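Trainee: I'd like to learn how to read a few features from a model. Can we go through one together?

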Amino acid sequence: RKLHQLDNNEETDKSGSGRDAIFAGVTIYFNGRTNDLSSFHLNKLVMLNGGNFCVHPNQNVTHCVTTNLSRSKINRALQKMGKLKTHRMHYVSSDWITDSVKHKTLMP
């Protein structure tokens, strides 16, 4: 299980300006395709703004980024994470990340 987090203090020192912690407490997992930006760039956006991401779905995931989730992927998530935790996860599109950064707040 790989959980990546960027040290905000280190990034502030490199860039010279602090970033907002828009995604503080958010752990994302990418499941499938993303729209315009690659998942690499979206991961970087999330980490630069205080969030985390997981390579594999687990109980720490708070948001699943996807554009089209098939029934088989939903069933696999239920098996891996358990039914209760899966229902607490938010399923969002990649636009949710860019919109949140644009508005400097976590979008609904």
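Trainee: Where does N49 lie?

Mentor: Before that, a word on the model: it is predicted, so local features need pLDDT of at least 70 and side-chain atom pairs pLDDT 80 or more, while totals for chains, interfaces and linings use all residues. Residues are numbered from 1 along each chain as its sequence is written, and side-chain values use heavy atoms, leaving out hydrogens and water. Helices (H or I, at least four residues) and strands (E, at least two) are DSSP runs, numbered from the N terminus. N49 sits in the loop between α2 (39-48) and β3 (52-54).

Trainee: Is N49 buried or exposed?

Mentor: Buried means under 20% relative accessible area, with a 1.4 Å probe and protein chains only. N49 comes out at 5%, so it's buried. In α2, L42, N43, V46, M47 and L48 are buried too.

Trainee: Which residues does N49 touch?

Mentor: Contact means heavy atoms within 4.5 Å. Leaving aside residues up to four places away in sequence, N49 touches R19, D20, A21, I22, F23, A24 and V101. Also, a polar atom of the N49 side chain lies 2.8 Å from the backbone oxygen of L45.

Definitions and conventions
Buried means under 20% relative accessible area, exposed over 50%, partly exposed in between (1.4 Å probe, protein chains only). A polar contact is a pair of N or O atoms within 3.5 Å; within protein, one must be able to donate a hydrogen and the other to accept it, and residues adjacent in sequence count only if both atoms are side-chain atoms.
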